[in-house]
Amino acid sequence: MLDIRDLQVRTGDTAILRGVSLTISAGEVHAIMGPNGSGKSTLAQVIAGRDDYEVTSGSITFDGIDLFDLAPEERARAGIFLGFQYPVEIPGVNNAYLLKAAVNARRKTNGESEIDAFEFLKLAKEKMALLGMDPKFLNRGVNEGFSGGEKKRNEILQMAMLEPRLAILDETDSGLDIDALRAVAEGVNALRSPDRAIVLVTHYQRLLDYVEPDHVHVLFDGRIVRSGDKSLAIDLEAKGYEWVREAASG
Amino acid sequence: MTQAALSIEALEAAVRRIADGGITPARRAALERLKRTGLPTTRDEDWKYTDLAPIIDISNRWFAAADPAENAVPTIADSLASRIDASWFVIANGSVAPDAAKNAELAGIKLTQIDEIAAPAPTGAALSDLNAVLLQNGLQIAVPVDARLTKPLGFLCIDEATGTPGLSQVRIELDVAPGAVCEVLEYHVSTGDAPHFSNTVIDLRLGDGARAAFVRLQNRAHGHMLTARLQVEQSRDSIFEHAAFDLGGSLTRSDLHVNLAGPGASTELSGLYLAGAHQHIDNHIRVDHRIGPAVSRQEYRGILAADARCVWNGKAIVHVGADGTDAEQANHNLLLSTGAEIDAKPELEIYADEVKCSHGATVGELDEQALFYLRTRGIERDDATRILTRAFGNSIISKLPIEALRDIITETVDARLSALIEDGN
């Protein structure tokens, strides 16, 4: 589904990704772990189409299509979803309005008619109940004055409504209390299916107790230095990133 | 560099034609004052960024060719008025429509038509003298003591200029008696491909405990110009709310002066201006706190695209003895292109001791993070721009003092915004 080959990315004079290769197939859950500054968020943002970075080499294809030919909105409509590490507050834009616009953009691409207002509300409330979100959040400004946990739940709500084929969740688990973490994990697990793929970008192993990954990769200094199954995450938790650092230099 | 000057001789000849020979003493006095002062130039501090040359040019051409008989009500007037449930007073090309008296009776207000202004214009308001010289007919309106008007009073200032330049004078004196409550919509539209200049002067007096909510919606045709002066006198415990939506026209200058003369008075002034290619919009606001306690709020937002030029000057003067004043000023601007320019100047002059005052102005661009966030949700770049821009203006629209107008204002602003974003690209 997603094929990343020798991706090299820089911002200004600083190289951030120094040749990342990764293949993700439908039905799989991948975890990308790594210390702060290893390039995890940059990788997530570049896949979603952020143009602040300069891609100096390599390729990303999604179902065989070159992603660099697509604008962020086209990538979204093709079925790529990025859950932001820091969801943006947009005062004055109603949360329900954004959700509906996003759903309709996706439906339009699929040749479907706009969602019926009643159907939309029913669906949104259903998903919110699953995530333990008060329906009043629909009528608030997008992420406006939301707590950290509320923002992350809101990202998962958008994901649940959009049902993407590839969901990349950038540190969705950071700053969550145990209840919020469980709710987020439930939202992610509900999306698991043989025709979808999920990428969890995370610093800690905590989320992986609730969402079991098929593959774990360790990103260090702009390179994937180790890949394995879920036991790699457990090793990492036990031995710390220092262990990877030594392995990478040795 | 010599600045363009109003041709007083041509003006006098035009007045003579209109008045059929004789010039009344009141008009003569206004003419003499105007001859002495002339119209403001960019050398005047208050007019530094707004050059009246295009207005002077239209006026001089109109003086030379004036055909005062042309007062037909543009055909779009009815359809505009029918969309908003208000007691309408149509002022077409500076002439009050004949059904005004009947409509006033239905609205429960007292209306007198005036054709002369005796009082001299305040210092620096030479445009009010021009208004007095050329006035065809103005309106004097009284809202009775403790009245509650069921519908907003709507003033549809509608002008049409085809072929030759047009000029119109609007004058309204509105007296809201103690305890009365009213809503007022001042709606400016125009049609036609020839240049047009409309010069409006409104005097509003609010009695003890009176309350007026005022909205100005200006959506004039391209190439049309407006100077709008609104002078408000507030007595004890009166409440004034004003929201200005300036969307159209090529040159708009608004002077809003509020005199807080009674304790317990409060005034809330807000505005949203949208300017695109070849548009100039200038808002000058002045609030005089004469006595405390009293509250004044100013919040204006601007969205500028292409080569738009806007001016915002908000002044609050807290006079000696006006203790207990609470004054706030804010002006925020969003520039959608690098060619747009705003001169934002909040000013506070404080001569009293116990006051609470704050002011601030910002100029910025669209938040790239927010734009990217919306695009990752499948929303086109242009749509995302429109959504964020609209959200920026929404804080003014959501505070609209007249609930019944929200839909039409939102719709008009949205349409203008879409055009602006296309302009900006």
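Helix 7 of chain B has buried residues that are covered by, among others, helix 2 (72-78) and strand 7 (90-94) of chain A and helix 8 (381-397) of chain B. Helices (H or I, at least four residues) and strands (E, at least two) are runs assigned by DSSP and numbered from the N terminus. The model is a predicted one, in which local features need pLDDT of at least 70 and side-chain atom pairs count only at pLDDT 80 or more, while totals for chains, interfaces and linings use all residues. Residues are numbered from 1 along each chain as its sequence is written, and chains are lettered from A and ligands numbered from 1 in the order in which they are written.

Helix 7 of chain B spans residues 368-375, and six of its eight residues are buried, so it is largely enclosed by the rest of the structure. A residue is called buried if 20 or more other C-beta atoms lie within 10 Å of its own, exposed if 12 or fewer do, and partly exposed in between, with C-beta atoms placed from the backbone. The buried residues here are B:Ala370, B:Leu371, B:Phe372, B:Tyr373, B:Leu374 and B:Arg375.

The two chains also touch each other. Their contact takes 21 residues from chain A and 17 residues from chain B; two residues are in contact if their C-beta atoms, placed from the backbone, lie within 7 Å. On the side of chain A, helix 2, strand 7 and helix 3 (95-109) each supply at least two residues. Helix 3 of chain A gives the most to that side, with five residues. By class, the side of chain A that touches chain B has 14 nonpolar, three polar and four charged residues. In this scheme Ala, Val, Leu, Ile, Met, Phe, Trp, Tyr, Cys and Pro count as nonpolar, Asp, Glu, Lys and Arg as charged, and the others, Gly among them, as polar.

Chain A also holds an open sheet. Four of its strands form this sheet in the order 2-1-4-5, with antiparallel pairing; two strands pair if DSSP finds at least two bridges between them. Strand 2 (14-24) and strand 5 (65-66) of chain A stand at the edges with a single partner strand each, so one side of each is left without a neighbour in the sheet. Strand 4 (residues 54-62) of chain A pairs with strand 5 of chain A in the antiparallel sense over two bridges. Within this pairing, A:Thr61 stands opposite A:Asp66 in strand 5 of chain A. Helix 1 (residues 40-48) of chain A packs on the sheet and touches strand 1 (2-11), strand 2 and strand 4 of chain A. The direction of helix 1 of chain A makes about 70° with that of strand 2 of chain A. Axes are lines fitted to C-alpha atoms, for helices over the stretch in contact, and angles run from 0 to 180 degrees between N-to-C directions.

In chain B, a pair of helices can be described in the same terms. The axes of helix 1 (residues 8-18) and helix 2 (residues 25-37) of chain B come within 11 Å and cross at roughly 170°. That makes helix 1 of chain B roughly antiparallel to helix 2 of chain B, a description used for angles over 145 degrees. B:Ile8, B:Glu12 and B:Val15 of helix 1 of chain B make the contact with B:Arg27, B:Leu31, B:Leu34 and B:Lys35 of helix 2 of chain B. By class, this contact has four nonpolar, no polar and three charged residues.

A nonpolar core is a set of buried Ala, Val, Leu, Ile, Met, Phe, Trp, Tyr and Cys residues joined through C-beta atoms within 7 Å. The largest core has 110 residues, and those with the most contacts inside it are B:Val133, B:Phe155, B:Ala212, B:Leu274, B:Leu304 and B:Cys310. Helix 6 (residues 126-134) of chain B provides the largest share of this core, six residues. A second, separate core of 78 residues includes A:Leu17, A:Ile32, A:Ile80 and A:Ala197.

B:Arg416 lies in helix 9 (residues 406-424) of chain B. With 20 other C-beta atoms within 10 Å, B:Arg416 is buried. Leaving aside its neighbours within four places in sequence, B:Arg416 is in contact with B:Leu247 and B:Leu274.

Some backbone details remain. A cis peptide bond with omega of about -5° joins B:Gly292 and B:Pro293. B:Pro293 is placed in the loop between strand 14 (280-289) and strand 15 (294-304) of chain B.

Technical notes:
Parallel < 35°, antiparallel > 145°, perpendicular 65-115°, else oblique.
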